Amino acid sequence: MTAPGPRWLTSAEQDAWYAWRRMFPLVNADIARDLNQDSGLSEADYDVLSVLGSTDGHRLRISTLAGHMQWSRSRLSHQLTRMEQRGIVRREEVATDGRGAEVVLTGAGVEAITTAAPLHVESVRRHLIDLLTPEQLRTFAEVGELLRERRGIQRKR
C-alpha cells in the first residue's frame with residue numbers, strides 16, 4: 001500500500017497562507033522600526049520590559065519569564081546580559097530558596113517601558129489595529145487564541 005500524497009492547499013487556503021507570509025514580516029518590521037526609532041529599544045527589549053512591567057514588584061524568576069515569552073533560557077540569558085549592560089534590568093538570587101534567580105526591572109527599566117509604551121501602542125494602531133474592522137479584529141484574535149491553545153501556551157493576561 002502506498003502512502004497518501006500531500007494534501008495540497010486549495011486556492012482559498014493558499015491565498016490565506018500567502019497573506020500570512022506577506023503580512024507578518026511587513027507589519028512586524030514597521031512596528032520594530034518605529035520602536036527602535038522612538039525609544040531605542042529592540043523588540044526583544046520591549047518584550048522583556050513589558051512582561052516585567054506588568055508583574056507585582058517588576059520581577060520574575062528567569063525560568064518563569066522564559067516560559068511566558070516562549071524563549072529558551074539561553075536566548076533569554078543572552079538578552080538579559082545585553083539589557084543588564086544598559087542598566088535596565090538586573091538579576092538577583094531568590095532570597096527564599098537560593099536555587100533560582102529573578103530578573104528585576106531597574107528604575108531605568110521602568111522609565112524605559114513607561115516612555116516606550118504609549119509610542120509603541122500608537123505604532124501598533126497605525127500599522128495594524130486601525131486598519132482592520134471590529135469584525136476582522138475579533139477574527140484575528142480568535143485565530144490567535146486557537147493557535148495558542150493548540151500549542152498549549154498559557155494565556156498571559
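Student: Where is R7 found?

Tutor: R7 is found in the segment before α1, which spans residues 11-39. Helices (H or I, at least four residues) and strands (E, at least two) are DSSP runs, numbered from the N terminus. The model is predicted, so local features need pLDDT of at least 70 and side-chain atom pairs count only at pLDDT 80 or more, while totals for chains, interfaces and linings use all residues. Residues are numbered from 1 along each chain as its sequence is written, and side-chain values use heavy atoms, with hydrogens and water left out.

Student: Is R7 buried or exposed?

Tutor: Buried means under 20% relative accessible area, exposed over 50%, and partly exposed in between (1.4 Å probe, protein chains only). R7 is exposed, because its relative accessible area is 81%.

Student: Which residues of helix α3 are buried?

Tutor: In α3, residues 62-69, the buried residues are I62, L65, A66 and M69. They lie on the same side of α3, because they cover an arc of only 100° around the axis; the arc is that of the directions from the helix axis to the C-beta atoms. The general idea is as follows. An α-helix has 3.6 residues a turn, so residues three or four places apart point the same way.

Student: At what angle do α3 and α4 pack?

Tutor: Axes are lines fitted to C-alpha atoms, for helices over the stretch in contact, and angles run from 0 to 180 degrees between N-to-C directions. For α3 and α4 the angle is about 110°, and the axes are 9 Å apart. Angles under 35 degrees count as roughly parallel, over 145 as roughly antiparallel, 65 to 115 as roughly perpendicular and the rest as oblique. Therefore α3 and α4 are roughly perpendicular to each other. At this contact, I62, S63, L65, A66 and M69 in α3 meet R73, L76 and L80 in α4. By class, the contact has six nonpolar, one polar and one charged residues. Here Ala, Val, Leu, Ile, Met, Phe, Trp, Tyr, Cys and Pro count as nonpolar, Asp, Glu, Lys and Arg as charged, and the others, Gly among them, as polar.

Student: Which residues of α2 and α5 meet?

Tutor: Y46, L49 and S50 in α2 meet G109, A112, I113, A116, A117 and H120 in α5. The contact of α2 with α5 has six nonpolar, three polar and no charged residues. The axes of α2 and α5 (residues 107-127) come within 10 Å and cross at roughly 110°, and these two helices are therefore roughly perpendicular to each other.

Student: Which residues touch the most other members of the largest nonpolar core?

Tutor: A nonpolar core is a set of buried Ala, Val, Leu, Ile, Met, Phe, Trp, Tyr and Cys residues joined through side-chain atoms within 4.5 Å. The largest core here has 24 residues, and V48, L49, L52, L65, L76 and V89 touch the most other members. Two or more residues come from each of α2, α3, α4, β3 and α5. The largest share, six residues, comes from α2. Leaving out residues up to four places away in sequence, L52 touches H58, R59, L60, L65, V89, V103 and L105.

Student: What does R59 touch, not counting residues up to four places away in sequence?

Tutor: R59 touches L52, E92, E102, V103 and V104, on that count. R59 is found in strand β1 and, at 27% relative accessibility, counts as partly exposed.

Student: Is S123 buried or exposed?

Tutor: S123, in helix α5, is buried, with a relative accessible area of 1%. Apart from neighbours within four places in sequence, S123 is in contact with D30, I31 and D34.

Note on methods:
Contact means heavy atoms within 4.5 Å.
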